[in-house]
Amino acid sequence: TRNPYRPAARSAQATTSTFDCPSRPHPSARPPMKFLVALAALTGASASYVATLSHIAEDTLAPKATGYVYFDGVDSNGIVTGFSQANHLEANVDSTNGVDCTAANGCGMHIHEGDACTNTTTQGGHYFEGDEDPWATVGYTSTDVNGYSGMIDLKVDMGSLPIEGKPFIVHANDGSRIACGIIESTTLSHEEVAFLN
């Protein structure tokens with residue numbers, strides 16, 4: 001017989017409460033983005049593309065600028081689609097005021113033709129084929145009080161050009177270059193990339 005003073009054994013079946021709900025891990029506990037990109041590449045699955053954006057050292061307007069770009073891939077017609085967002089840009093940009101984003105490349109988000117983010121020479125100019133620049137009107141149109149661009153939809157005709165290994169550049173309101181990252185193939189979903197940034 002069971003000792004009445006001894007607590008009954010706990011059931012092996014897990015119990016839940018409102019305090020057991022999983023939560024988003026602290027940023028310091030998340031795996032590094034570059035590690036996950038490399039790990040995903042080992043699976044051999046068809047790739048989308050991602051670049052983690054960091055501040056360009058030459059810039060002084062937005063010294064904490066960061067962000068990412070995610071491309072779903074390039075379709076059979078050469079159309080590349082995706083999303084980008086940037087943080088810590090100039091605050092309270094508003095292209096509807098007739099002043100902001102009117103400079104050449106102002107508020108732009110573009111793939112460039114170079115192969116590194118080191119400087120303007122290695123970054124190169126806009127990356128496209130043909131006579132008309134499809135990146136001329138691509139970018140963010142506003143920022144909030146914290147300099148966040150919001151999620152920007154991207155859809156650009158790249159023709160037959162490959163995008164892997166190319167720099168993705170975010171421009172400031174005045175058109176200068178403030179953040180850059182090199183595009184890499186990945187099997188991560190957009191949701192997974194957004195979670196990591």
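These are legends for close-up views of a predicted model.

The model is predicted, so local features need pLDDT of at least 70, side-chain atom pairs count only at pLDDT 80 or more, and totals for chains, interfaces and linings use all residues. Residues are numbered from 1 along each chain as its sequence is written, and side-chain values use heavy atoms, with hydrogens and water left out.

**View A. Gln 123 and its polar contact with Arg 177.** Start with Gln 123, which sits in helix α2, residues 120-123. Helices (H or I, at least four residues) and strands (E, at least two) are DSSP runs, numbered from the N terminus. Gln 123 has 0% relative accessibility, so it counts as buried; buried means under 20% relative accessible area, exposed over 50%, and partly exposed in between, using a 1.4 Å probe and protein chains only. Its side chain makes a polar contact with the side chain of Arg 177 at 2.8 Å. A polar contact here is a pair of N or O atoms within 3.5 Å; within protein, one must be able to donate a hydrogen and the other to accept it, and residues adjacent in sequence count only if both atoms are side-chain atoms. Setting aside neighbours within four places in sequence, the contacts of Gln 123 include Ile 56, His 112, Cys 117, Pro 167 and Arg 177, where contact means heavy atoms within 4.5 Å.

**View B. His 171 with two other histidines, His 110 and His 112.** His 171 belongs to strand β6, and at 1% relative accessibility it counts as buried. Its side chain is joined to that of His 110 by a polar contact of 3.2 Å, and to that of His 112 by one of 3.5 Å. Beyond four places in sequence, His 171 is also in contact with other residues, among them Asn 105, Cys 107, His 126, Tyr 140 and Arg 177.

**View C. The largest nonpolar core, with its 31 residues.** A nonpolar core is a set of buried Ala, Val, Leu, Ile, Met, Phe, Trp, Tyr and Cys residues joined through side-chain atoms within 4.5 Å. Which residues touch the most other members? They are Phe 71, Ile 111, Met 158, Ile 163, Phe 168, Val 170 and Ile 183. The elements giving two or more residues to this core are β1 (48-55), β2 (66-74), β3 (79-87), β4 (109-111), β5 (152-157), β6 (167-171) and β7 (177-182). Apart from this core lies another one, of five residues, among them Val 50, Tyr 68, Tyr 70 and Val 193. Back at Val 170, the residues touched include Leu 53, Ala 86, Leu 89, Met 109 and Ile 178, if you skip those up to four places away in sequence.

**View D. The aromatic pair of Phe 71 and Phe 168.** Rings of Phe, Tyr and Trp (its six-membered ring) pair if their centres lie within 6.5 Å; planes under 30 degrees apart count as stacked, over 60 as edge-to-face and the rest as tilted. By this rule, the count comes to one pair. Phe 71 and Phe 168 are edge-to-face, 6.0 Å centre to centre with 70 degrees between the planes. Phe 71 lies in strand β2 and Phe 168 in strand β6, so the pair ties together parts 97 residues apart in sequence. Phe 71 counts as buried at 1% relative accessibility, and Phe 168 does too at 0%.

**View E. Strand β3 between its partners β2 and β5.** Two strands pair if DSSP finds at least two bridges between them. β2 and β3 pair in the antiparallel sense over eight bridges; Gly 73, for example, has Thr 81 in β3 as its bridge partner. The two strands form a hairpin with four residues between them, and Gly 78 in the turn has a positive phi of about 85 degrees. β3 and β5 also run antiparallel, joined by six bridges, and Ile 79 is partnered with Asp 157 in β5.

**View F. The two disulfides of the structure.** A disulfide is a covalent bond between the sulfur atoms of two cysteines; the cut-off for calling one is a pair of cysteine sulfur atoms within 2.5 Å. Cys 101 and Cys 107 have their sulfur atoms 2.0 Å apart, and both residues are buried. The torsion about their S-S bond is about -75 degrees, so this disulfide is left-handed. Cys 117 and Cys 180 form a disulfide with sulfur atoms 2.0 Å apart, and with -75 degrees about the S-S bond this link is left-handed. It joins distant parts of the chain, 63 residues apart: Cys 117 is in the loop between β4 and α2, and Cys 180 is in strand β7. Cys 117 is partly exposed, with a relative accessible area of 23%, whereas Cys 180 counts as buried at 4% relative accessibility.
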